[in-house]
Amino acid sequence: MALLILMPDRDSNDLAKALKKTSPGLDIRIWPEVGDEKDIKYAIVWNHPAGALRQYPNLKVIASYGAGVDHIFKDPDLPGNIIITRLVDDSLSRQMSEYIAGVVLNHRLRLTEYREYQAAGVWSPKAARPGNIVCLLGLGNIGREVAGYLSGLNFTIHGWSQSHKDIENIATFHGDAGLCEALGDADYIVCLLPLTPKTADILNKSLFSKIKKGAYLINAGRGGHLNEDDLLDALYQGRLGGACLDVFRTEPLPDDHPFWRHPKISITPHTASLTNIDQAASQFHENYLNMVNNRPLFNRIDSAKGY
Ligand code: GLV
């Protein structure tokens, strides 16, 4: 019985080392040096090649090396009857909370603006921007944590999700009908949704027509949530005052992409929240043991919902 690490665009050796530290006896195979395919029961994956997971006839569990699982579901040739899990950990939610708070406060306090004035030798004091309403799209583990963190900084939070959720101290909205109300007077719109067929392209012209003029957009969900042409139009027309993007349809962002040099767009290279290898290794190991001992696995995905 063996565990496979299948992450073509990541360094798998660090994860293998962390897993060995947690459990020295574990039989770990690093793709593409898999050995006998029949040994593989548990696969840790990130951006695997489509169809690759069909090679393992005894595979029981596919574990995402991240909070998102859209990279798994985009494979049209996934094996059926399989358990899929994702990472849920404090470090992912804490990093995301700090990232969103950092971007919002940077905008509110005009820090980037002053950096530009500095470069031009201009002394131009201004009050901080007054808006303090944040609309969070997505209220999973990470969204809830971000909501709590920003509430602690005295922001007013509107939380939106597909289905109804009650969360202390924040106004929640759900479904298509609730979206307009959640966005209504928000100064910041933050996307933390999972990418599914229902949420793909949600940040589009229709959504931008419902927001307060001049609101600021932060996308730390997935590039597939954003219609890029609609964003450029909304910025041009002043519907949106600016945007900070951490995720993109194509990553790395192509050299000739218009976002790189757009004066109202700030870019971070998919670093809002990075998997902590040691925490991830201990979660994978625990769930691997659950599988071996026929116990229920935690952080399972509902394949029908796609998250
Ligand atoms: C990062 O984007 C993740 O899904 O963990």
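## A buried threonine

At 2% relative accessibility, Thr199 counts as buried; the word covers anything under 20% relative accessible area, with exposed meaning over 50% and partly exposed in between (1.4 Å probe, protein chains only). Thr199 sits in the loop between strand E9 (188–191) and helix H7 (205–208). Helices (H or I, at least four residues) and strands (E, at least two) are DSSP runs, numbered from the N terminus.

What does the side chain of Thr199 reach at 2.7 Å? That would be the backbone oxygen of Pro194. The Thr199 side chain also makes a polar contact with the side chain of His225, at 3.3 Å. A polar contact here is a pair of N or O atoms within 3.5 Å; within protein, one must be able to donate a hydrogen and the other to accept it, and residues adjacent in sequence count only if both atoms are side-chain atoms.

## What you're looking at

This is a predicted model, where local features need pLDDT of at least 70 and side-chain atom pairs count only at pLDDT 80 or more, while totals for chains, interfaces and linings use all residues. Residues are numbered from 1 along each chain as its sequence is written, and side-chain values use heavy atoms, with hydrogens and water left out.

## Around the ligand

Which residues are around the ligand? They are Trp46, Gly66, Ala67, Gly68, Arg222 and His270, where the cut-off is a heavy atom within 4 Å of the molecule.

Some of these come with a distance to an oxygen atom of the ligand. Ala67 uses its backbone: an N or O atom there lies 2.7 Å from a ligand oxygen. Arg222 has a polar side-chain atom 2.7 Å from an oxygen atom of the ligand. For His270, an N or O atom in the side chain is 2.7 Å from a ligand oxygen.

## The second largest pocket

The second largest pocket has a volume of about 340 Å³. Of its 16 lining residues, His107, Thr112, Arg129, Tyr216 and Pro263 are the closest to the centre. The rules run on a 1 Å grid over the protein atoms alone: a cavity is a set of points where a 1.4 Å probe fits but cannot get out, a pocket is an open set with protein on both sides within 12 Å along at least five of seven lines, and lining residues have an atom within 4 Å of a point. Grid points are joined across faces, edges and corners, and a volume is the space filled by probe spheres set on the points.

Helix H3 (90–108), helix H4 (111–119), strand E11 (240–245) and strand E12 (265–267) each supply at least two lining residues to this pocket. H4 gives the largest share, 4 residues. By class, the pocket lining has 5 nonpolar, 6 polar and 5 charged residues. Ala, Val, Leu, Ile, Met, Phe, Trp, Tyr, Cys and Pro count as nonpolar, Asp, Glu, Lys and Arg as charged, and the others, Gly among them, as polar.

H3 also holds Ser97, which counts as buried at 0% relative accessibility. Ser97 and Tyr149 are 52 residues apart in sequence, yet their C-alpha atoms are 6.2 Å apart in space.

## Cysteines

The structure holds 0 disulfides, a disulfide being a pair of cysteine sulfur atoms within 2.5 Å. Cys135 is in none, and its nearest cysteine sulfur, that of Cys191, is 10.0 Å away. Cys135 counts as buried, at 0% relative accessibility.

Why is Cys180 too far for a bond? Because its sulfur is 11 Å from the closest cysteine sulfur, in Cys135. Cys180 counts as partly exposed, at 38% relative accessibility.

The peptide bond from Trp31 to Pro32 is cis, with omega near 10 degrees; Pro32 is in the loop between strand E2 (28–30) and strand E3 (40–45). Another cis peptide bond joins Glu251 and Pro252, with omega about -10 degrees, and Pro252 lies in the loop between E11 and E12.

Asn169 isn't a glycine, but has a positive phi of about 70 degrees. Asn169 lies in the loop between strand E7 (156–161) and strand E8 (171–174) and counts as exposed, at 68% relative accessibility. Asn299, also not a glycine, has a positive phi of about 55 degrees. Asn299 is found in the segment after H9 and counts as partly exposed, at 23% relative accessibility.
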